[in-house]
Each structure stands twice: as C-alpha cells, then as structure tokens.
Amino acid sequence: MDADPPSKPSIGRLILSTFRRTFVSGVLVTVPVIITILILNFLFRQVDGILSPLVSKALGRSIPGMGLAATLALIIAVGVLARNVVGSRLFGLGELLFVRTPLVRAVYSAAKQLVEAVALPQRNSFKRAVLFEYPRRGTYVLGFAAARTHLKEGPITGDLVAVFVPSTPTPVTGFVIFVPANEVYELAIPTEDIVKMIVSGGITTPAELLRAPQSTLLTETATP
C-alpha cells in the first residue's frame, strides 16, 4: 500500500512562518540599536545637563549639546592648568581641602581612586579577571581583583583579595567581597570579554575559561 504523500503547508502557515522569521530578524537588528541609543541618550542628557542651565542663561536660549561642549571645554581647561606649576599648586591646595573635610574626604578619595583605576592603563586595578566560589561551595562567580590585604587578627588570618563582583546587566554596579588569596583563580581572559559575559547574562560565555599560567595574586605583596 502506497504511503500518503506528505501534506503541503497551507498558505496561511507559510505566511505566518515567513512573518515570524522576518519579525525575529528585525528584532535582532533593531533592539540592540535602540538599547544603545537609549543608553547613549541617557549619558548625553546627564553630562549635558551639568552646565546646560548656565550656558542657556548666558546665551538667552537653550541649545542641545552646548552643556556637553562646555563640560568638555572645562575638562580640557582644567587639564591644561593642572599640567603647569601654578595650576598644579592651586589644585593641590583645593585637593587638600577635600581630603581634610569629614564625609567629603571619604567620597572624594573613593571617587579619585576609581577614576584613576579606569583612566590610567598602567594601573592593575580592575584589570585581572578572577573566579572564586560564591555564594556556596561548588558554585563560582566572576569578578575583578581590586586590591590585596592581610588579615592579622580574627577567626582566620592570612592574605585576602578584595574582589569587585559586577552585577548583570549593569557591570558598573555590584559589590565587594574579600576572598582568601589561595581561593581566587586568576583567568587569562581579556577584561572586555568578561564584561560581555556579564552584560549578556552569560550568553557569550566562551567554550573554555583559561586560568592564568602564573597568578600574580599569590606572589604580590599585600597592600599595607
């Protein structure tokens, strides 16, 4: 007995299938672009809004982007002054006022260290991706080694590594956890790839996580 020929999909199903594939393709292209534009627009508004009211008052009208341009000009002007003798001394006096004022000192010092860690490539802060067990044995979390310290008194003693654990999907936020140095595994993976893994929720995780052949976390001197 001959088998029945396979039934052909109806025109409605073909149209629906084509529409679904087309829609998914459109989503894959447009949504990342939209998200990028929204983030850049948010950053632009935040930076532009710093000096925009002053510029608008001086010009008598509001011009989008002038606040951003004024902020960039101010940064360049401050940089020029900071590189000469007179300017560096003035900024040194101003910084001295910040670091000696309670409450302001804590915020300013932390902000300065964070900016220096990001802006100065020769520094090692947030440059080493690490893996360690958290929140329980058998599970691991990614982070960035920030500093090393030594615990002298308490229930345990030894060298600890301060690890910044970024959150998903905004790696600029997270928390700090101190981990014994011998329990932190340094990875031979570029920082950019780690950030992609965190932002994507783990979707872009590579097939292999390579451990650094010689971890500097176990040989460097603890921060005094």
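Author: A residue is called buried if its relative accessible area is under 20%, exposed if that area is over 50%, and partly exposed in between. Please keep in mind that this is a predicted model. F132 has a relative accessibility of 0%, and therefore counts as buried, whereas Y134, at 32%, counts as partly exposed. These two residues form a tilted aromatic pair, with 6.3 Å from centre to centre and 55° between the planes. Y134 also pairs with F175: their ring centres are 5.9 Å apart and their planes lie at 45°, so this pair is tilted as well. Because Y134 sits in the loop between strand 1 and strand 2 while F175 belongs to strand 4, the pair ties together parts that are 41 residues apart in sequence. F175, at 37% relative accessibility, counts as partly exposed. Together, F132, Y134 and F175 make one aromatic cluster.

From the cluster we can turn to the core. F132 is one of the 11 residues of the largest nonpolar core, whose members also include V130, V141, V161 and I177. At least two residues of this core come from each of strand 1 (128-133), strand 2 (140-151), strand 3 (158-166) and strand 4 (174-180), and strand 3 gives the most, with 3 residues. Leaving aside residues up to four places away in sequence, I177 touches F132 and Y134 of the cluster, as well as V161, A162, V163 and V165.

Definitions and conventions: Residues are numbered from 1 along each chain as its sequence is written. This is a predicted model: local features need pLDDT of at least 70, side-chain atom pairs count only at pLDDT 80 or more; totals for chains, interfaces and linings use all residues. Side-chain values use heavy atoms; hydrogens and water are left out. A nonpolar core is a set of buried Ala, Val, Leu, Ile, Met, Phe, Trp, Tyr and Cys residues joined through side-chain atoms within 4.5 Å. Buried means under 20% relative accessible area, exposed over 50%, partly exposed in between (1.4 Å probe, protein chains only). Helices (H or I, at least four residues) and strands (E, at least two) are DSSP runs, numbered from the N terminus. Contact means heavy atoms within 4.5 Å. Rings of Phe, Tyr and Trp (its six-membered ring) pair if their centres lie within 6.5 Å; planes under 30 degrees apart count as stacked, over 60 as edge-to-face and the rest as tilted.
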